[in-house]
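I opened this entry to look up the ligand site and the pocket around it.

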Amino acid sequence: MRRVYIDANATTPLLPEVMEAMRPYWMENFGNASSIHLHGQHARTAVDRARETLTEFFNCHDAEVVFNSGGTEGDNTAVFGLLHPGDHFITTSIEHSAVLQAAQRMAPQGVETTFVAPQPSGLIDPHDILRAIRPETRLISVMLANNETGVVQPVEQISKIAADTGVFFHIDAVQGAGKIPIDVRKIGCHLLSISAHKMNGPKGIGAMFVRRGTPVESLLVGGSHERRRRAGTENVAGIVGLAKAAELAMHSLEDGTIDRLAGLRHRLETEILRLPGTGVNGSDNGNYVPRVANTSNIWFNQLEGEALVIALDLKGVAVSGGSACHSGATEPSHVLMAMGLDKARARASLRFSLLKTATEADIDYVLTVVPEAVQRLRALSPVEAGTLG
Ligand SMILES: Cc1ncc(COP(=O)(O)O)c(C=O)c1O
């Protein structure tokens with residue numbers, strides 16, 4: 001059976017070049033980057049080179065790149081590292097739980113958070129951020145692209161608001177990185193987090209841009225690594241893999257890959273939307289708002305999304321549903337609910353997120369499998385059968 005993985009926003013496979021770049025750093029070049037002997041020097045050189053690549057990726061200075069374990073750590077660092085009792089924090093209700101739960105943890109310590117809701121299209125209105133600012137607001141955190149809908153947020157406008165009001169600004173760029181260019185100087189943010197495994201790099205490694213002079217406290221202590229901003233022996237192979245992935249991602253932003261992906265996504269959406277009772281989450285009265293090119297979130301009336309995810313998996317197509325398992329219970333997506341979808345529609349939504357290596361043949365296959373599965377499940381649904389009161 002053919003297998004099509006169309007869940008790139010969950011994670012991506014390594015590109016072969018990334019694997020090849022990393023391999024020596026687990027084997028012959030296994031040194032600790034803090035050791036002064038030759039083994040250590042090889043590792044240090046690799047970390048320094050990787051840092052250079054990241055300065056290009058972010059458009060920043062090398063002292064402003066901090067390697068860490070990924071998006072969760074970056075998001076947690078912004079919240080725990082900058083906020084103190086009495087501070088006010090502004091974020092949005094569609095952030096990743098690495099921001100949302102960090103905010104919740106700060107509440108008992110006297111940090112109040114305002115969760116700004118998106119418009120029905122999934123876009124955050126910068127005016128809503130401005131309205132939420134108080135004299136004691138210390139930090140704003142808004143994502144670059146949403147992991148479920150792909151909607152790209154107006155971070156430059158929000159950054160300007162933060163600058164004008166003297167508030168620190170963190171961007172969770174985990175889902176935007178590698179899909180749209182990032183330029184921290186142009187954006188004007190203080191902190192920005194990325195994760196390698198969302199852009200064909202390894203899991204458990206990421207990086208954070210920390211603008212010079214930003215007083216963010218280290219989450220981890222116990223060593224002087226990363227200029228005392230992140231203690232722990234460097235994951236040299238991971239850092240090399242992240243840098244290779246970032247380098248390849250920068251090329252892909254210029255070689256037509258993104259336009260090709262947008263074309264594949266357009267075909268996928270257009271064909272699926274021919275099915276009655278379907279629509280895209282991430283549009284404003286039928287007009288799409290800016291979205292990363294690989295992501296499409298589609299609702300299907302009269303369906304349980306989870307049943308469709310399973311039906312597609314049995315046919316070899318891997319996608320994600322609009323619900324997430326929290327403590328054993330399946331809850332509709334907090335992102336779709338915040339956009340104003342009702343529970344049934346949020347549960348009946350699927351996220352299709354294409355790998356950069358996706359092909360026309362992959363889309364052909366998905367387009368043979370999805371309509372058939374939707375029609376079959378709808379025929380079985382209690383709504384269709386008229387047995388739902
Ligand atoms: C928007 C966003 N932020 C943060 C994360 C967490 O990143 P990591 O898996 O590297 O911890 C994810 C992962 O799904 C994400 O999509």
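I am working with a predicted model, where local features need pLDDT of at least 70, side-chain atom pairs count only at pLDDT 80 or more, and totals for chains, interfaces and linings use all residues. Residues are numbered from 1 along each chain as its sequence is written, and side-chain values use heavy atoms, with hydrogens and water left out.

**Ligand shell.** I found 13 residues around the ligand (a heavy atom within 4 Å). Gly71, Thr72, Asp172, Ser195 and Lys198 come nearest. The shell divides into 2 nonpolar, 8 polar and 3 charged residues, with Gly counted as polar. Helix H3 (residues 71-82) gives the most, with 3 residues; helices are DSSP runs of H or I, at least four residues, and strands are E runs of at least two.

**Polar contacts.** I looked for N or O pairs within 3.5 Å. Asp172 places a polar side-chain atom 2.6 Å from a ligand nitrogen. Gln175 has one 2.8 Å from a ligand oxygen. His197 also has one 2.8 Å from a ligand oxygen. Taken alone, the ligand exposes 400 Å², and the protein buries 86% of that (Shrake-Rupley, 1.4 Å probe).

A pocket here is an open set on a 1 Å grid, with a 1.4 Å probe and protein on both sides within 12 Å along at least five of seven lines; lining residues have an atom within 4 Å of a point. I count 33 lining residues, with His96, Asn147, Glu148, Lys198 and Arg351 nearest the centre.

Terms used: A polar contact is a pair of N or O atoms within 3.5 Å; within protein, one must be able to donate a hydrogen and the other to accept it, and residues adjacent in sequence count only if both atoms are side-chain atoms.
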